[in-house]
Amino acid sequence: MIENNGFLMLRSDEIQTYLDANQPGREIKLVQLHHTWSPEYKHFDGKNHFTRQASMRESHLARGFSDIAQHFTVFPDGLIVTGRSLEQNPAGIVGANKGAICIENFGNFDARQDKMTAEQADAIITLTAVLCKVFGLKPETAVTYHAWWTAKGQALGDYHPAKSAKTCPGTAFFGGNTRDAFLKNLLPRIKDAMQTKEENEVRYKYYEDLPDCWKPLIAKLVRKGYLHGKGDGVLDLTEDMIRVWATNDNAGLYGE
């Protein structure tokens, strides 16, 4: 993970750890998929992830938003940059922002425009799959496209050129922006990614299960209100989560 200007840049294999360590207090019910349209691939040079993200934030602030609209931006090289706090609803789709996570995919994926890289496609699938898994969502009902909504926030359930607010996430996005294209092309890959996610990682359900070396840190996080668990004493922690917290604690983020 690399930090710059308040954003974090993550590999797709770091998303699970990031989400485990940054669980929002609000209920998550939807995952929005968008494309930036502009900027597009010709505006990405392989090194300007943070400057592009900062530019989008400035543009959104100028439009009156409280912050950058999206929670994540997926770039053509497959790297993912964080945006708006997960504690806040996005400003992505009128009528579908409450309880949503917003993913912006860098590029213009309308027909005959940018051809999505394999790296970006894999990252979109992984990010969407991990979000659905972490928040207990069924992708067939939780994933939504901007094109499936009117400009006034009416749910259409599909892309209708005369009614949809936008073509977003693009008329060529994973074979199209229709619901049929989603069901045939993207949904199976999301579900496969959810199934193949490694399940054999070590998890610590209760405080007593933790190695002694980690107990003081977890007790501190609970005492300070950074860690709440799942109720009835259940923590359900992974080693990756604890390592992130340990790094943050060594940096002094949690105080004494």
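Where is the place of P169? I found P169 in the loop between β7 and α5 (179-196). A cis peptide bond joins C168 and P169, with omega about 10 degrees.

**Ground rules.** I am working on a predicted model, in which local features need pLDDT of at least 70 and side-chain atom pairs count only at pLDDT 80 or more, while totals for chains, interfaces and linings use all residues. Residues are numbered from 1 along each chain as its sequence is written, and side-chain values use heavy atoms, with hydrogens and water left out. My helices (H or I, at least four residues) and strands (E, at least two) are DSSP runs, numbered from the N terminus.

**Other backbone entries.** I also looked up the peptide bond from S38 to P39, and this bond is cis, with omega near 10 degrees. P39 sits in the loop between β3 and α2. R112 is not a glycine, yet has a positive phi of about 70 degrees. I placed R112 in the loop between β6 (100-105) and α3.

**Sheet.** I traced an open sheet of seven strands in the order β1-β2-β5-β4-β6-β3-β7, with mixed pairing. β1 and β7 (143-145) stand at the edges with a single partner strand each, so one side of each has no neighbour in the sheet. Direction ignored, neighbouring strands are turned by 25 degrees against each other on average. Helix α2 packs on this sheet and touches β1, β2, β4 (72-74) and β5; its direction makes about 135 degrees with that of β2. Contact here means heavy atoms within 4.5 Å. For the angles, axes are lines fitted to C-alpha atoms, for helices over the stretch in contact, and the values run from 0 to 180 degrees between N-to-C directions.

I then went through the pairing at one end, where two strands pair if DSSP finds at least two bridges between them. Strand β1 (residues 2-4) runs antiparallel to β2, and three bridges join them. E3 stands opposite L8 in β2. β1 and β2 form a hairpin with two residues between them, and N5 in the turn has a positive phi of about 55 degrees. β2 is also joined to strand β5 (residues 80-82), by two bridges and again antiparallel. In that pair M9 stands opposite V81 in β5.

**Helix pair.** I checked helix α6 (residues 215-223) against helix α7 (residues 239-250): the axes come within 11 Å and cross at roughly 80 degrees. That makes α6 roughly perpendicular to α7, a label for angles of 65 to 115 degrees. L217, I218, K220 and L221 in α6 meet I242, W245, A246 and D249 in α7. The contact residues divide into six nonpolar, no polar and two charged. Ala, Val, Leu, Ile, Met, Phe, Trp, Tyr, Cys and Pro count as nonpolar, Asp, Glu, Lys and Arg as charged, and the others, Gly among them, as polar.

**Pockets.** A pocket is an open set of points on a 1 Å grid over the protein atoms alone, where a 1.4 Å probe fits, with protein on both sides within 12 Å along at least five of seven lines; lining residues have an atom within 4 Å of a point. A volume is the space filled by probe spheres set on the points, which are joined across faces, edges and corners.

The largest pocket holds about 1300 Å³ of space. I listed 45 lining residues, of which Y18, D20, A21, N22 and Q23 are the closest to its centre. Elements giving two or more residues to this lining are β2 (7-10), α1 (15-21), α3 (118-134) and α7. By class the lining has 18 nonpolar, 12 polar and 15 charged residues.

The second largest pocket holds about 650 Å³. Its lining has 28 residues, with H60, R63, E104, H146 and K166 nearest the centre. β3 (30-35) and α2 (49-62) each give two or more residues to this lining, and α2 gives the most, with five. I noted 11 nonpolar, 13 polar and four charged residues in this lining.

Notes
Angles under 35 degrees count as roughly parallel, over 145 as roughly antiparallel, 65 to 115 as roughly perpendicular and the rest as oblique.
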